[in-house]
Each structure stands twice: as C-alpha cells, then as structure tokens.
Amino acid sequence: MENLFACCQARIAMQSERFNLPPAALRALLTLGETRYLAPGELGRRLGVTKSRVTAVTTGLSRQGLIEKHPDPADARVTLLSLTPAGKRACEEIRTFMTGLFTSILSMVEPDKREGVLASLESLRRCMDAVRADLKT
C-alpha cells in the first residue's frame with residue numbers, strides 16, 4: 001500500500017510540474033470542468049479542503065486566467081466559479097494526458113488480468129472512501 005501511495009504521489013507531482021499547477025489547483029480545475037458553475041463552498045466540499053484553501057487555489061487559478069467569478073443571480077452573497085476558455089483547454093489537456101497515462105498503465109497488464117485488476121482497484125477505492133468517511137466522524 002505504501003509503495004502504491006508513493007507511486008501515486010510521484011504521478012501527482014509529475015502532473016503538477018507538467019501543467020505548472022499545484023496539485024490542489026489541478027484537482028480544482030478538473031472539478032470545475034465537470035460543471036458549468038460551482039460555488040466556492042461546494043468546490044471545497046468536493047475537494048475536501050477548507051474555505052481558506054479554496055480561496056487561495058481559486059485566486060491563483062483566476063490570476064492565471066483559468067477560471068472566472070460570476071455573481072449568483074439567485075443570491076447576491078454568493079460567487080460562482082467557472083472555467084474560462086483557457087481553463088477549458090487546460091482541463092482538456094490534463095484529461096487527455098491522464099487518459100493516455102492510464103491507458104498506458106493498463107496496457108502493461110496482461111489482457112486476461114485487466115478486468116480483475118480494475119475490479120480490485122474499485123474495491124480498494126471503496127475501502128479508502130469508507131476509511132476516509134470514518135476519519136471524518
């Protein structure tokens with residue numbers, strides 16, 4: 001488990017360097033790419049980070065021209081975040097890179113074992129989610 005975690009951390013560091021974005025900013029960009037608009041509080045909830053961390057990450061992404069802020073027409077107290085055209089391009093580049101990376105990894109697994117590996121990874125993800133939920137309570 002420790003080796004797998006270290007491998008994942010190395011991949012995250014490589015992605016950050018490749019796209020010149022901190023890991024939290026990469027995750028925020030990909031999360032914002034899943035929806036048209038998102039309130040900062042919801043972004044923080046999805047990322048599992050504090051309000052101050054969301055502010056820091058979104059400020060950086062805004063300065064880079066990757067996201068923009070809009071007033072919420074339903075509630076003037078709320079700001080909504082969305083990707084700019086440059087942010088959409090960056091998000092697509094990151095997703096394309098990740099898809100290629102995961103495809104390359106999976107292609108190294110013997111074809112008759114791929115389904116089992118994927119099922120094991122899904123089981124591991126569910127266990128990790130359960131442990132994380134237990135830690136929050």
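This is a predicted model: local features need pLDDT of at least 70, side-chain atom pairs count only at pLDDT 80 or more; totals for chains, interfaces and linings use all residues.
The side chain of Arg-46 meets that of Glu-42 in a salt bridge, with N and O 2.9 Å apart. Glu-42 has a relative accessible area of 23%, so it is partly exposed as well.

Both residues belong to helix α3, which runs over residues 40-47. They sit four residues apart, or about one turn of the helix.

The structure holds eight salt bridges. Which residues are linked in a network? Glu-122, Arg-125, Arg-126, Asp-129 and Arg-132 are joined this way through salt bridges.

On one side, Arg-125 meets the side chain of Glu-122 in a salt bridge of 2.5 Å, N to O. These two are three residues apart in helix α6, so about one helical turn separates them. Arg-125 also forms a salt bridge with Asp-129, and here the closest N and O atoms are 2.4 Å apart. Asp-129 and Arg-125 both lie in helix α6 too, four residues apart, again about one turn of the helix.

Are these side chains buried, exposed or something in between? Glu-122 has a relative accessible area of 32%, so it is partly exposed. Arg-125 counts as partly exposed because its relative accessibility is 38%, and Asp-129 is partly exposed because its value is 26%.

Helix α6 spans residues 114-136, and Leu-118 is found in it. Together with Val-117 and Leu-121, Leu-118 makes a nonpolar surface patch of about 230 Å². Leu-118 has a relative accessibility of 44%, so it counts as partly exposed. A residue needs over 30% relative accessible area to join a patch, so Leu-118 at 44% passes that cut-off.

## The aromatic pair

Now for the aromatic rings: the structure holds one aromatic pair. Phe-19 and Phe-97 form this pair, with 5.6 Å from centre to centre and 75 degrees between the planes. An angle over 60 degrees counts as edge-to-face, which is why this pair is given that name.

The pair links distant parts of the chain, since its members are 78 residues apart. Phe-19 is in helix α1 (residues 2-19), while Phe-97 is in helix α5 (residues 85-107). Both Phe-19 and Phe-97 are buried, which means that each has under 20% relative accessible area.

## The whole protein

Stepping back, the protein has six helices and two strands. Along the sequence they follow the pattern α-α-α-α-β-β-α-α. The C-alpha atoms fill a box of roughly 55 × 35 × 25 Å, taken along the principal axes.

Of the 137 residues, 26% are buried. The protein exposes about 9,600 Å², and 58% of that area is supplied by carbon and sulfur atoms. How much of the contact count comes from residues 24 or more positions apart? Among contacts with a separation of 6 or more, such residues account for 50%.

Technical notes. Residues are numbered from 1 along each chain as its sequence is written. Side-chain values use heavy atoms; hydrogens and water are left out. Rings of Phe, Tyr and Trp (its six-membered ring) pair if their centres lie within 6.5 Å; planes under 30 degrees apart count as stacked, over 60 as edge-to-face and the rest as tilted. Buried means under 20% relative accessible area, exposed over 50%, partly exposed in between (1.4 Å probe, protein chains only). Patches are made of residues with over 30% relative accessible area and no salt bridge: like charges are joined within 9 Å, nonpolar side chains (Val, Leu, Ile, Met, Phe, Trp, Tyr) within 5 Å. Accessible areas come from the Shrake-Rupley method with a 1.4 Å probe; for residues, only the protein chains shown count as cover. A salt bridge is a side-chain nitrogen of Lys or Arg within 4 Å of a carboxyl oxygen of Asp or Glu. Contact means heavy atoms within 4.5 Å.
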